Amino acid sequence: MSSTTTSTGSKELAPVSAESLAALLIAGERPPRPSALSASLTFGWRAILKIKHVPEQLFDVTAFPIMMVLMYTYLFGGALAGSPEEYIQFLLPGILVMSVVMITMYTGVSVNTDIEKGVFDRFRTLPIWRPSTMVGYLLGDALRYTIASVVMLTVGVVLGYRPDGGVGGVVAGIALLIVFSFAFSWVWTMFGLLLRTEKSVMGVSMMVIFPLTFLSNVFVDPTTMPGWLQAFVNNSPVTHLASAVRGLMAGDRPAADIVWSLGWAALFVLVFGPVTMRLYNRR
Amino acid sequence: MSGQTSGLAIETAGLVKTFGETRAVDGIDLSVPTGTVYGVLGPNGAGKTTAVKMLATLLRPDSGRARVFGHDVVREADAVRGRVSLTGQYASVDEDLTGAENLILLGRLLGHGRKAARERGDQLLAAFGLSDAAGKQVRHYSGGMRRRIDIAASILNTPDLLFLDEPTTGLDPRSRNQVWDIVRAVVAQGTTVLLTTQYLDEADRLASRIAVIDRGKVIAEGTKGELKASVGAGSVHVRLRDAAQRPRAAEVLRLALGADVQLDPDPVALTAPVGAGAAGGRGAAEQAARALADLARDGITVDDFALGQPSLDEVFLALTGHDTKAEDTTGPYVGTKDEAAA
């Protein structure tokens, strides 16, 4: 039967080498299991490979952020701060926070599209630290957030943004933003596993993201808002984060806002991390 | 540890999984000895994949118990994962990555160092005849290549138990033969294989024991010989030159074989079971030969004739009284054409 497999067709696959296969099977001793960190980094590497093979997916961390900066700087600049150049000093850290927090929702979409495929089943049968698959996604996404941040800052500087905090303040601000986004993404991994279709993940994400990012101090100082809205805005995680990033980039030490941002981040991981893993194990 | 001493790779008792109203797996008891290929045969929607997923720790049973090498699949899932691997019905590799990247990724996740993972990946690609396609994204692979890279990924660390869920569904006959060769090589090294299939032919060639499942239940279990004896050796298919002779031919066959003759949709074709213990205990081939002789004696011209194994349809009919198509809503049934022609 196997003799017939080599007789026809020249463009067919090379035959399987039973001998070298047998040798490989015998030689296969099992190495010790990878550490949690190593497994997570390997999944992060997978995310980066995906970016390499499908670079179009960087559209949302390049074109979208540029559009956001240009649009809001020129739309609101004259009315709110007298000129776009004035306004961008206030707006840029905020719009940076808003855009990156918005981009986090793609995590849920990629989790959701992946679970439809067989590869997810393979990952789930591996003897590895269970959350590493999810952490890998988020590590890959952290890279995307970094790209988005650099792109927006570059555009900002071109438009006249001059942060008083210098390079140190800017780097600290971006680092805080990425830590927060990493934590916040666990909300989306949960929805990615919970909802059935990519569309519903997008739908729910929009419902959460739009009010959360717009109802904040990203665009304007909340003091002119009605009291009930101020109550919401002043306690929103996005407001704390935007204040912290703005402060850091301006060279201040916004300790309270940093603590609040990190507190929110810890809360997101502690609540949505276990829920995500429960769904992941249950599927 | 009890599983190892008893020599069983898989042991299940009363395994049940329901999805809403459907009892996908409805009380399955299996005992799979180590070092063998165990075939799970059934039509689409019989519950094969659901059962495999529970054994591979992907799904939690609703009730019942399952042990793999003595480890409970729910309470000791991690120990089970350390010893099994799964090749699913759909390629369980990342389509966006290249073949080589997939193997390196899994090698790293299985604990190999960077260099070792790359080396082992290259060796496997070479052994599977995929070296030329190593740098291509898996999405551009043909069906046969996908199946190979998938199995290669499953044996990166030689597993003690390999689940192959319909490994040849959708493959052309050549690729199917090649997958069979791979399975034989893997088993020869001592790995236990649980193979699910819709093809009796496939189970027949690879498995030493077979469980037939239908509607989530095991309806027959045994060695190939036992199973076949319960069904009959197969069918004789006859094509006449003249459709007008068919009623007469049916009568001759009925008398010669002592069995009901089925008139095929093709007006010149007939099918009749042979070897079901009737016709004086003769072998199936002998029965068929005598029947042919009787046809010739009656002046009936036979243009073509084939003695086929029982098809899955026939096994099912014999075991359940309904055929595989009866409640199959998941897709077109493609099981038995080639077996009948064999």
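In chain A of this predicted model, helix α8(A) passes helix α11(A) in a right-handed crossing; a crossing is right-handed if the near helix is turned clockwise from the far one by less than a right angle, and left-handed if anticlockwise. Helix α8 of chain A covers residues 166–194 and helix α11 of chain A residues 237–249, and their axes come within 7 Å and cross at roughly 160°. That angle makes α8(A) roughly antiparallel to α11(A), the term being used for angles over 145 degrees, with roughly parallel for those under 35, roughly perpendicular for 65 to 115 and oblique for the rest. Axes are lines fitted to C-alpha atoms, for helices over the stretch in contact, and angles run from 0 to 180 degrees between N-to-C directions. Helices (H or I, at least four residues) and strands (E, at least two) are DSSP runs, numbered from the N terminus.

On the side of α8(A), the contact is made by A:Gly169, A:Val170, A:Ala172, A:Gly173, A:Leu176, A:Leu177 and A:Phe180. From α11(A) come A:Leu241, A:Ala244, A:Val245, A:Leu248 and A:Met249. Residues are in contact if their C-beta atoms, placed from the backbone, lie within 7 Å. By class, the contact of α8(A) with α11(A) holds 10 nonpolar, two polar and no charged residues; Ala, Val, Leu, Ile, Met, Phe, Trp, Tyr, Cys and Pro count as nonpolar, Asp, Glu, Lys and Arg as charged, and the others, Gly among them, as polar.

Helix α8(A) also packs on helix α12 (residues 255–282) of chain A, with axes that come within 8 Å and cross at roughly 25°. These two helices, α8(A) and α12(A), are therefore roughly parallel, and the crossing is left-handed. Residues of α8(A) in this contact include A:Leu176, A:Phe180, A:Phe184 and A:Trp186, and those of α12(A) include A:Phe268, A:Phe272 and A:Tyr280. The contact of α8(A) with α12(A) has 18 nonpolar, four polar and no charged residues.

Chain A as a whole has 12 helices and zero strands. Its C-alpha trace spans about 85 × 40 × 35 Å along the principal axes. Of the 283 residues in chain A, 42% are buried, that is, with 20 or more other C-beta atoms within 10 Å of their own, against 12 or fewer for exposed and values in between for partly exposed. Among contacts in chain A with a separation of 6 or more, 78% join residues 24 or more positions apart.

The contact between the chains takes 39 residues from chain A and 47 residues from chain B. On chain A, α1 (18–27), α2 (36–53) and α6 (118–124) each supply at least two residues, and α1(A) gives the most, with seven. The side of chain A that touches chain B comprises 21 nonpolar, nine polar and nine charged residues.

Chain B is assigned domain 1 (8–228) and domain 2 (233–309), the bounds coming from an automatic or database domain assignment. The centres of these domains of chain B, taken over C-alpha atoms, are 40 Å apart. B:Glu202 lies in helix α8 (residues 200–206) of chain B and is buried, with 24 other C-beta atoms within 10 Å. Not counting residues up to four places away in sequence, B:Glu202 touches B:Thr168 and B:Thr197. The C-alpha atoms of B:Glu202 and B:Arg246 are separated by 33 Å, the residues being 44 apart along the chain.

Residues are numbered from 1 along each chain as its sequence is written, and chains are lettered from A and ligands numbered from 1 in the order in which they are written. In this predicted model, local features need pLDDT of at least 70 and side-chain atom pairs count only at pLDDT 80 or more, whereas totals for chains, interfaces and linings use all residues.

Note on methods:
Two residues are in contact if their C-beta atoms, placed from the backbone, lie within 7 Å.
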